[in-house]
Amino acid sequence: MLRLLQLELQKLLLNRASKVLIFISFILPFFVIILSSLRINFFGLFVLELGHYGVFNFPIVWHITTFFAAQFKFFFAIVVVSMIGNEYSNKTIKQNLIDGLSKKEFILSKFYTILFFSAVATIIIFLICLLIGLYYSSIDEIHLVFRGTEFLLAYFVKLVGFFSLCLFLGMLVKRSAFALAFLFVLWLLEWITFGIITWQVNVDVAEKIQNYFPLKSMYKLIDQPIQRIVMSKMPNKSEIAYDFAVHWYELAIVIGWTALFIFLSYRLLKKRDL
């Protein structure tokens, strides 16, 4: 595992564009700290200071931070599809196989890289959440501080699932730009299918089915926290209540898609004439 990971990291770090994108991917989540300290004066009428409205207190900080940090995953998605596109354009994939790397090891090296960067990103978010929460929250009981850390697990699974999808699309079309375009097409197809099912059956059935689609199931791992913030400020507003928890079956769906994407990537490589 370490040998394959080291091999892939060497390729990425020798590529200047990949280094820049990886750096951006790890730096952008720190903007959540800037957001927490943001102070906006609206023409002297009132001052908006998010950090003092309790939105970065424990345990809600785990939910808010992981949700917004997940929006930056597209930068590393470019790295994932690029590392496949570069393999084909530079003919390094053929050279790796000639040098003794099996096709299974080739795919595993990509997957181990995905796991590694997803784990690093999750650790960074953990530290950011902890720092922001300790600064703004008055809660210091250990069990309350770490209540809600299941969102970190959801964040990790979400990244691994999304990057595995990008890996599969990269293997499928061999070109970075086309792979990212296919990502958009997949998103479009999911919503078209949702619309057709809504039209033919009803919206409730359509939503239940849509939750099993790849992109939607990844999104559902961490639901938007806006309603939760409103609920915490206006507890009597029962009509806006919703289920924002991380559920085991949601994790299982994304893990299932991840396994399928890795398997399909391997099958594509195994059958393809290089």
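Let me start with a term: two rings of Phe, Tyr or Trp count as a pair if their centres lie within 6.5 Å, taking the six-membered ring for Trp. By that rule, the structure on the screen holds 17 aromatic pairs. One of them joins Trp191 and Phe194, and with ring centres 5.3 Å apart and planes at 80°, the pair is edge-to-face. Please keep in mind, everyone, that this is a predicted model.

Let's stay with that pair for a moment. Where do its two residues sit? They belong to helix 10, which covers residues 176-200. Trp191 and Phe194 are three residues apart there, so about one helical turn separates them. And are they buried or exposed? Phe194 is buried, at a relative accessible area of 14%, because buried means under 20%. Trp191, on the other hand, has 38% relative accessibility and therefore counts as partly exposed.

Now to another group of rings. Ring pairs tie seven phenylalanines into a cluster: Phe26, Phe74, Phe76, Phe116, Phe117, Phe162 and Phe163.

My last stop is Thr122. You'll find Thr122 in helix 7, residues 103-136. Its relative accessible area is 13%, so Thr122 is buried. Which residues does Thr122 touch, once we set aside neighbours within four places in sequence? Those contacts are Leu152, Tyr155 and Phe156.

Notes
Residues numbered from 1 in each chain as written. Predicted model: local features only at pLDDT ≥ 70, side-chain atom pairs only at ≥ 80, totals over all residues. Heavy atoms only, no water. Helix = DSSP H or I, 4+ residues; strand = E, 2+ residues; numbered from the N terminus. Buried < 20%, exposed > 50% of the residue type's maximum accessible area, 1.4 Å probe, protein only. Contact = heavy atoms within 4.5 Å. Phe/Tyr/Trp six-rings, centres within 6.5 Å; stacked < 30°, edge-to-face > 60°.
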